[in-house]
Amino acid sequence: MKISQRYLGVLVLIFLLTAVTCAQTPDSGRKSTATERPATTVNKHAPADPNKFAVIINGASGEAAYTRQFALWTSNLDAVLTDRFGFAKDRIKLLTEKPADGTGARATAEEVKRTFAALKSELNASNAVFIFLIGHGTWDGKEAKFNLVGPDLSATEYNSLISQLPTNRIVIFNMASASGEFIKSLSAKGRIVITATRSGQEVNATRFTEFFIAALGATDADADQDGHISVLEAFAYANRLTVEFYARAGRLATEHALLEDNGDGIGHEKAEGGDGLLARATYLDSLNVEQASANATTAKLLRERTRLEGEIEQLIARKQALSEPEYEATLEKLFIELAKVNRAIKQSRS
């Protein structure tokens with residue numbers, strides 16, 4: 001096969017960029033364990049942000065072991081959102097299988113509907129909503145559901161409730177089994193949807209929730225080391241730990257998390273196919289790029305890097321529609337620009 005000199009140049013640039021990226025990601029090859037204590041992030045005890053809302057639904061567990069596990073995950077998630085990511089306590093709607101000490105409501109279909117109805121009256125267009133589903137899910141080949149206490153609600157019903165909210169800044173984490181089918185129903189422009197599985201056929205109990213929560217308290221989850229964790233960074237970190245968990249146990253992985261944020265209804269296991277751009281620019285602590293960087297010049301460079309990465313992803317996605325010379329020339333130009341920006345970012349932080 002004949003390879004043009006230009007294409008060889010592109011390959012060299014890809015190699016160099018990969019080296020730069022690896023150098024900027026600390027401990028990327030470090031072996032992680034599910035029980036290790038995550039390092040503290042720099043945004044610990046962030047001030048409360050009244051513009052952020054969260055809905056945490058801890059569904060029906062079915063067994064005592066899962067009751068304890070889901071309750072622990074729910075408690076840890078609630079704590080990390082308030083302690084580290086600036087979610088005001090009165091902005092977190094908590095629904096659990098067995099509410100204790102008057103905290104939250106019971107995770108029934110009626111309470112879920114009541115919660116979203118209340119949100120509808122509290123939200124405005126500038127608010128952001130993060131929705132977390134912790135528990136089990138089902139799929140009968142036609143309809144996906146999340147298990148609640150009593151009758152369940154389907155993905156279509158959740159979409160109806162979410163679509164009525166007066167904001168487009170919505171991030172949904174369905175971390176249950178069989179959750180992959182929710183992407184088709186919940187996908188929409190401006191939404192980020194993350195699921196613990198890639199289809200309704202992955203029905204085993206998931207571990208993704210545990211590793212997602214670990215990502216929220218780990219310094220090495222902050223891949224670009226700007227002091228803040230984006231939705232994409234948390235997803236990628238949790239995904240990596242999930243893969244490592246099954247590999248260490250010598251077990252076949254029964255869950256493969258997906259991310260969808262471009263509204264096409266097709267999720268991916270990493271930032272590709274047009275997915276990941278919105279998640280990369282959405283921070284759990286709600287800080288935008290300017291706020292995430294103490295240096296205005298670095299903030300500008302970070303925005304430029306995001307733009308170039310997006311253009312590269314879009315170019316690769318439409319490769320078949322271009323002639324080979326046009327594709328190679330455009331790709332080479334973008335990679336050269338990206339290499340310059342990455343070098344400038346590294347220099348600005350040295």
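Two strands are said to pair if DSSP finds at least two bridges between them. The exercises below concern a predicted model.

**Exercise 1.** Determine which residue of β10 stands opposite I194, and in what sense β9 and β10 pair.

*Solution.*
Step 1. Strands of a sheet pair through backbone hydrogen bonds, either parallel or antiparallel.
Step 2. Strand β9 comprises residues 191-195, and its pairing with β10 is antiparallel, over three bridges.
Step 3. The residue of β10 opposite I194 is L259.

**Exercise 2.** State in what order the seven strands form the open sheet, and which are the edge strands.

*Solution.*
Step 1. The order is β3-β2-β1-β4-β8-β9-β10, with mixed pairing.
Step 2. Strands β3 (105-106) and β10 (258-260) are the edge strands, since each pairs on one side only.

**Exercise 3.** Identify which strands helix α3 lies across and which strands helix α4 touches.

*Solution.*
Step 1. Helix α3 (residues 109-122) lies across β1, β2, β3 and β4, and runs at about 175° to β2.
Step 2. Helix α4 (residues 155-163) packs on the sheet and touches β1, β4, β8 and β9. The direction of α4 makes about 150° with that of β9.

**Exercise 4.** Decide whether A178 is buried or exposed, and describe its phi.

*Solution.*
Step 1. A178 is located in the loop between β8 (170-174) and α5 (182-186).
Step 2. Buried means under 20% relative accessible area. A178 has a relative accessible area of 1%, and therefore it is buried.
Step 3. Most residues other than glycine have a negative phi. A178 is not a glycine, yet its phi is positive, at about 60°.

Definitions and conventions:
Residues are numbered from 1 along each chain as its sequence is written. This is a predicted model: local features need pLDDT of at least 70, side-chain atom pairs count only at pLDDT 80 or more; totals for chains, interfaces and linings use all residues. Side-chain values use heavy atoms; hydrogens and water are left out. Helices (H or I, at least four residues) and strands (E, at least two) are DSSP runs, numbered from the N terminus. Buried means under 20% relative accessible area, exposed over 50%, partly exposed in between (1.4 Å probe, protein chains only). Contact means heavy atoms within 4.5 Å. Axes are lines fitted to C-alpha atoms, for helices over the stretch in contact, and angles run from 0 to 180 degrees between N-to-C directions.
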